[in-house]
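Dear colleague,

I am handing over the structure below for your records. My findings follow it, arranged by topic.

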Amino acid sequence: MASTIRRRDNTAEQNSLLPTNDVTYSTFQQPAATTTTTTVVTRNTKPKQPNRTTKISQKLKLFPDNDDARTLDENLFDADVYTQLAQIPHGSARIEAERLNKLDRNELSRATAYCTASAYNMDELFKYLKSKRRTNSTAPERFDECVYTPYTLNPLPPSSLKKGKKSYSILPEMFLFDYGVVVFWGMTLEEELSILKELERFEEEKLETDDVETEEFRYYYNEYYQPRIYNDIITLRHPSNYLVKLTISHAIAQSVKMSLFERLIDDTINDTKYIPQVMAESGNIHMSRMAITKKVGQLFIMRINVNLVSNILDTPEIFWSEPVLEPLYSAIRSYLEISQRVTLLNQRVEVISDLLEMLKDHLNSSHGEYLEWIVIWLIGMEILVAVITTTLDAYSLYYNKEA
């Protein structure tokens, strides 16, 4: 597949994850308040917990960093993953982790992912975002399976949109993936829900409201610390390099898509876990052959989606063109435990498939026995008819002889 990446003119910025442009920004970037009146349609998305340990435990993952201007303590680190705060070596990393533990997460900007459909119509979506350049300050760019754009419900003055005019404001951003996931950076919950409503027209095989999966992170900027993620709080050096956010968004999008498959497997397990117990107690199966065949088909479709369709297992093509970004992608993917979750998911699919194949074989055997009994009854009926016919013929012959 040919890459559609549009490269920046600034080559130095591409070769480094940490650009050094002089832009003024706040350490805790807050989304701008929306002054325009916007109708927000509330989605009753119930919170779901992804099947990863980093969601409920204190883990630190240091991101790869090409900047040599680090503190001495960070250069001495031998490991980049710490499972608990007490295991983090004394130094700037531990000080930062302790500070984040005491910090109110609501003070930090949001980075949120939503899985709302099986896919997006990317061509139409890209045209739509280009048409919003003046009203929502969009500047869409296509990266293979992803579309990136700034997006604000509080548009900038026209003078700041002129080419060559440098803007010091930090716009919210979003990354849309062709497998039905969108990742927002720097937006409020109300803004996210409003944009999700606008995106509905581009969704294919839209998920029900209760089936929408979400992942929520917090992030902030600090140019003096090595980029990292700790307890779902992301530390970045600078807001201007969207390629860093694109890399992180790829892994987050894969994680939230994986959460959908994990929930589907959980539902299937809940629907089938009673079957072995019933078989052990009564020896009977209370499922029709058609119902079991449908379950087997659903499992195989799910397995194909996980392994082939949704890019869950594949490294996105952008990292072949931008290899400097791949270590960061591997780091955040490791933090989200995607590889382990895929392996576990496939193992659970195999176990359920074995169970359903056994049920299908049992039903095939029962169906064969049923056909055998039909043949036996037909043979018996044929014998009975032959006996009756022979008896009638013999009686008729005897009666005619007597006459």
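**Cysteines**

A search of the whole structure, which is a predicted model, finds zero disulfides. By way of background, a disulfide is a covalent bond between the sulfur atoms of two cysteines. Two cysteines may be noted individually. C115 has a relative accessible area of 0% and is therefore buried. C146 likewise counts as buried, because its relative accessibility is 0%.

In soluble globular proteins, nonpolar side chains tend to be buried together. In this model the largest nonpolar core holds 60 residues, and the members that touch the most others are W185, I234 and I248. Helix α7, spanning residues 242-272, supplies the largest share of this core, namely 13 residues. There is also a second, separate core of 21 residues, with Y120, L125, I195 and L196 among them.

The surroundings of W185 deserve a separate listing. Once neighbours within four places in sequence are set aside, W185 is in contact with R110, A111, P172, E173, F175, Y219, I234, L236, K245, I248 and S249. That list includes I234 and I248, which are named with W185 as the core members touching the most others.

**Aromatic pairs**

A pair of aromatic rings is described by the distance of the centres and the angle of the planes. The count of such pairs in this model comes to nine. In one of them, the ring centres of Y148 and Y242 are 4.4 Å apart and the planes meet at 5 degrees; since planes under 30 degrees apart count as stacked, this pair is stacked. Y148 belongs to strand β6 (residues 146-150) and Y242 to helix α7, so the pair ties together parts that lie 94 residues apart in sequence. Y148 and Y242 are both buried.

A further stacked pair is formed by F177 and Y179, with 5.8 Å from centre to centre and 25 degrees between the planes. F177 counts as buried because its relative accessibility is 0%. Y179, with a relative accessible area of 4%, is buried as well.

Which residues make up an aromatic cluster with Y148 and Y242? The cluster consists of F143, Y148, F175 and Y242.

**V296 and its partners**

V296 is placed in helix α9, which covers residues 289-309. With 10% relative accessibility, V296 falls under the 20% limit and so counts as buried. Leaving out residues up to four places away in sequence, V296 touches L356 and E357.

**Positive phi angles**

E205 has a phi near 55 degrees, a positive value. E205 sits in strand β9 (residues 203-206), and its relative accessible area of 62% means that it is exposed.

N231, which is not a glycine, also has a positive phi, of about 55 degrees. N231 is found in the loop between β11 (228-230) and β12 (233-236). Is N231 buried, partly exposed or exposed? N231 is partly exposed, because its relative accessible area is 23%.

Yours sincerely

Technical notes: Residues are numbered from 1 along each chain as its sequence is written. This is a predicted model: local features need pLDDT of at least 70, side-chain atom pairs count only at pLDDT 80 or more; totals for chains, interfaces and linings use all residues. Side-chain values use heavy atoms; hydrogens and water are left out. A nonpolar core is a set of buried Ala, Val, Leu, Ile, Met, Phe, Trp, Tyr and Cys residues joined through side-chain atoms within 4.5 Å. Buried means under 20% relative accessible area, exposed over 50%, partly exposed in between (1.4 Å probe, protein chains only). Helices (H or I, at least four residues) and strands (E, at least two) are DSSP runs, numbered from the N terminus. Contact means heavy atoms within 4.5 Å. Rings of Phe, Tyr and Trp (its six-membered ring) pair if their centres lie within 6.5 Å; planes under 30 degrees apart count as stacked, over 60 as edge-to-face and the rest as tilted. A disulfide is a pair of cysteine sulfur atoms within 2.5 Å.
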